Amino acid sequence: MSSTGGETSKMNSFVKKVKMGKRVEKMMKDKSGTTTGQEIADDDPNKTPEPYTCTGIFEADFTEFCRRNHLKDNEIPAVVIRPKPPGIQPPPDAKSKDSKDSKDASKDPTPDESPDTGSQEDPPPKTYVTKEKYAYFRPVIQVEMENDEKPITVTEIYIRGWKIDLLMVGIFKQCWPTIEKLSVVNLWNVNLSEAVIKEFASFLPQCPNLKTLAIDGTICVEESWALLIGEESLLTSLSLRNNGITDKGAAMIGKALSTVKTCNKNLISLNLSGNKISDIGATSIAQGLRMNRALLSLSLANNNVSNEGAKRLAEVLSRFPLTHEEVVERRKLLSEKGSPDRGLVKSPPPSRRGDNRPGSVRSSSHMDKTDKKRDKSSKKKQDGKKGEKEKEDTRSIRSSAEGCKSEKDHGKSNKIPMDGKKDKDDATKGGSKKDDKWKKGGSRTSVVPPTSQPISNADTMTKTKGKKTSSKDKRLPESDSPEMVEAINPLLEQVENMDNQLWIPGNRCMINLNLSRNNITEIGMKSLLLAVQYQITLLNLTPSPALKGILRMSLNGNAVKKTDETFMKLQEVLLTRDPYYKPPEKGEDNQSLAG
């Protein structure tokens, strides 16, 4: 019986273990089912992710947006610090080395044993870093920071050798505007399309401090590079080297620099070296420099520019005649300057007009009639005021002798508005004469916009609360304080009438022009020499010129010998214009002659 009881107890324990094992398996299955359900819910593409706010840290924001666009971890380009060349360490001081050796010898009097060179390994060099296989060819974004320990201080971004598509530029559109200190973006061989360039042009103005953009070694079939320097662009430096730009792209860039009505006022440096620009493209760029007064440096090195392109550039730098469209725009600007209140006058209804003029522009005869009516009405009012004042003066003379003094003072005060009225009449008459000369195409007339208006009662005495205070004690209101004067429109500069054409001075804002490694011969060199000489004459005529003109011009590598007379003369003139030029001292000249 004891044996049978033991067997039954063993069977019961075994059955309990089996039941417990089944329960554990069931619980594990339930847990695994819930976890897989959560993973499926997390990986559901239809689920809308929570909105993400950028932190300004480029690496974190860029990685997060890549994951939200369903990029795998091995497909996300790594953000690394741009490698820098190792710094040169100063050589050790010989005295300190000798003193150190003497100290070591005093501490250890036993002679040093010869070290075993085979047992010690040389440290690895620090000039390069080893990477895994094919890791060098993976897309990487290199960055430079003000402080390597603070990732929020990214200042420069470099991308090398991988294609930037619409997906990637969309991620950049969300990340880059939040980087406060980003100032430089350098792209090389990134294979951009026109749609990608449009996206870049749409959000680059939103980057607050981004001023320098370089896209080199990248060919765009549409050549829509002009979108990067539109009217809303804030770039000051643009480099488009080795992009295969032809005359088609140069024409669009020339229109982006300036037209008769628009102008890029921010771009300072433009580098177009290493492209396929010929004389036609150089002429288009010269056309864009006619009304542009912001660009300081232009590089057309290593292109196909010859004498015709050099002539067009020289013409823009010296002086050129205005076209019909420019003359019309000049007249509009002069009319706006001459009558600033023109916009306040209501135009007559279209039915009363006898011609097809726009509503905002009135004929000269209509303006003359309105001016005459205003003059008559103002004279009548002044005559009535004069009569009343004369009666008051006679009463004051009869009453007392002090009335004579008040009469004199009162007469002086009455002369002031009359003088002001005469000045105004003379100014309006002079303006009408200038307008008549302009309509007739008269001789050399210069029109310069006034920078400030004179104060009418500057030297007179004013009465306030029965007391006389001089103008010296008065202070100008804040509204009359001097402000920064904007650049004058080139169409409003001094004009010369020659051969029934209006000529204006050329572009004297540009200080650096690079035309090296082109096909310019002696003929083109003569045109450039005349342009530089013309700028020097204008510079000598003005006492304190604000515009210095060309200071440096690179012409090496062209189809002209270095011993050519014109080329040598041009180099001599440019040598004195170079701001870094230092003339030789007299002592050095005497020593060279003596030697």
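Predicted model: local features only at pLDDT ≥ 70, side-chain atom pairs only at ≥ 80, totals over all residues.
The side chains of Ser239 and Asp216 are joined by a polar contact of 3.1 Å. Ser239 sits in strand β6, which covers residues 237-239. Its side chain also makes a polar contact with the side chain of Arg241, at 3.5 Å. Ser239 has a relative accessibility of 11%, so it counts as buried, the cut-off being under 20%. Beyond its neighbours within four places in sequence, Ser239 is in contact with Leu213, Ala214, Ile215, Asp216 and Asn271.

Now turn to helix α8. This helix spans residues 307-317 and contains Ala310. Ala310 is buried, because its relative accessible area is 0%. Which residues does Ala310 touch, if those up to four places away in sequence are not counted? They are Val305, Ile520, Gly524 and Leu528. Met525 makes the sequence separation plain: Ala310 and Met525 are 215 residues apart in the chain. In space, their C-alpha atoms are 7.8 Å apart.

Next comes a sheet. Strands of a sheet pair through backbone hydrogen bonds, in a parallel or an antiparallel way. Here three strands form an open sheet, in the order β9-β13-β12, and the pairing is antiparallel.

Look at β9 and β13 in detail. Strand β13 covers residues 501-505, and three bridges join it to β9. Phe320 stands opposite Ile504 of β13.

Conventions. Residues numbered from 1 in each chain as written. Heavy atoms only, no water. Pairing = 2+ DSSP bridges. Helix = DSSP H or I, 4+ residues; strand = E, 2+ residues; numbered from the N terminus. Buried < 20%, exposed > 50% of the residue type's maximum accessible area, 1.4 Å probe, protein only. Contact = heavy atoms within 4.5 Å. Polar contact = N/O pair within 3.5 Å; in protein donor to acceptor, adjacent residues only side chain to side chain.
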